[in-house]
Amino acid sequence: MKLAIYGTGSSGLEMLELIMCSEELRSQWEELVFIDDTKAPGLFHGCRMLPFDEFSSEFQVDEIEVIIAVGEPSARESLYNRVTGGGYRLGIIVHPTAVVSPTAVLKPGAVIKDSVSVSSGAVIGENVYVNGISLIGHGVVIGPHSQISSHAVIAGNTTVGTGVYVGISACLRDHIEIGDYAVIAMGAVVMKSVRSHRTAMGNPAREIAESTQVFK
């Protein structure tokens with residue numbers, strides 16, 4: 001099996017380094033390639049790079065899986081739709097230093113980076129990216145395409161909707177709901193539910209505006 005990483009920005013380079021620095025991860029795939037629709041075909045840090053149209057002409061759906069390596073949830077969702085619309089399946093990447101409960105569920109496209117803790121019964125949705133040193137509490141549900149930044153803490157039985165961005169060091173209390181496409185600002189302390197398409201910031205956090213995410 002081969003792996004395609006969709007994106008050659010900072011997240012793409014992080015993904016490459018994450019894989020290459022771990023023998024356990026490196027051994028899972030016989031070849032790594034990159035997809036980038038904004039650049040001419042070539043090489044990216046020694047790996048082949050090509051746009052999606054050429055990728056889909058060359059690789060059969062049963063020989064390769066894809067990981068999306070861009071940060072903004074709306075962009076993640078757009079690329080996910082393109083990849084799955086072409087019949088390709090998404091892989092799952094879990095850094096060896098992450099601690100994932102055996103009762104947690106990781107759905108296709110999930111990326112769990114270094115030193116993350118995913119507690120019992122948690123559900124990490126399709127195409128969710130959980131950055132390093134984050135804590136996902138028991139029974140937490142994170143919806144598709146969401147981005148959880150480093151050092152974030154999501155306490156037990158909280159529900160995070162589709163396409164949510166949770167900023168660095170944000171802290172979400174237990175038993176609340178974060179609506180679809182919401183943005184939780186860096187360092188926010190979220191004590192109550194946040195509506196869809198809203199940005200929340202502060203300590204305690206409050207909704208200050210509509211989300212500035214671009215929806216595709």
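This is a predicted model: local features need pLDDT of at least 70, side-chain atom pairs count only at pLDDT 80 or more; totals for chains, interfaces and linings use all residues.

Biologist: Remind me, what holds strands of a sheet together?

Modeller: Backbone hydrogen bonds do the pairing, in either a parallel or an antiparallel arrangement.

Biologist: Is G125 buried or exposed?

Modeller: G125 counts as buried, because its relative accessibility is 5%, and the cut-off for buried is under 20%.

Biologist: What does G125 touch?

Modeller: Leaving out residues up to four places away in sequence, G125 touches K107, A110, I142, G143 and P144. As for G137, which is 12 residues from G125 along the chain, the two C-alpha atoms are 15 Å apart.

Biologist: Switching to S149, where is that?

Modeller: S149 is in the loop that links strand 16 (147-148) and strand 17 (153-154). S149 is buried too, at a relative accessible area of 4%.

Biologist: What does the S149 side chain make a polar contact with?

Modeller: With the side chain of Y165, at 3.2 Å. Beyond its neighbours within four places in sequence, S149 is in contact with N131, S134, Y165, V166, G167 and I168.

Biologist: Now cysteines. How many disulfides does the structure hold?

Modeller: Zero disulfides. C47, for instance, is in none, and the nearest cysteine sulfur, on C21, is 13 Å away.

Biologist: How accessible are C47 and C171?

Modeller: C47 is buried, with a relative accessible area of 10%. C171 is partly exposed, at 34%.

Biologist: Which strands does strand 2 run parallel to?

Modeller: Strand 1 (residues 2-6) is joined to strand 2 by four bridges, and they run parallel. Strand 4 (residues 47-50) also runs parallel to strand 2, joined by three bridges. As for partners, L3 is bridged to L32 in strand 2, while F34 faces M49 in strand 4.

Biologist: What about the faces of strand 2?

Modeller: Both faces of strand 2 (residues 32-35) are covered: L32 and F34 are buried on one side, V33 and I35 on the other. In general, side chains in a regular strand alternate between the two sheet faces.

Biologist: Which residues of helix 1 are buried?

Modeller: In helix 1 (residues 10-20), the buried ones are S11, G12, M15, L16, L18 and I19. They span an arc of only 160° around the axis, so they lie on the same side of helix 1.

Biologist: Zooming out, what does the whole protein look like?

Modeller: The secondary structure comes to four helices and 25 strands. The C-alpha trace spans about 50 × 35 × 25 Å along its principal axes. A compact globule of 216 residues would have a radius of gyration near 17 Å, and the protein's 17 Å agrees with that. Of the 216 residues, 50% count as buried.

How values were computed. Residues are numbered from 1 along each chain as its sequence is written. Side-chain values use heavy atoms; hydrogens and water are left out. Helices (H or I, at least four residues) and strands (E, at least two) are DSSP runs, numbered from the N terminus. Buried means under 20% relative accessible area, exposed over 50%, partly exposed in between (1.4 Å probe, protein chains only). A polar contact is a pair of N or O atoms within 3.5 Å; within protein, one must be able to donate a hydrogen and the other to accept it, and residues adjacent in sequence count only if both atoms are side-chain atoms. Contact means heavy atoms within 4.5 Å. A disulfide is a pair of cysteine sulfur atoms within 2.5 Å. The arc is that of the directions from the helix axis to the C-beta atoms. The radius of gyration is taken over C-alpha atoms; the globule rule is 2.2 Å times the number of residues to the power 0.38. Two strands pair if DSSP finds at least two bridges between them.
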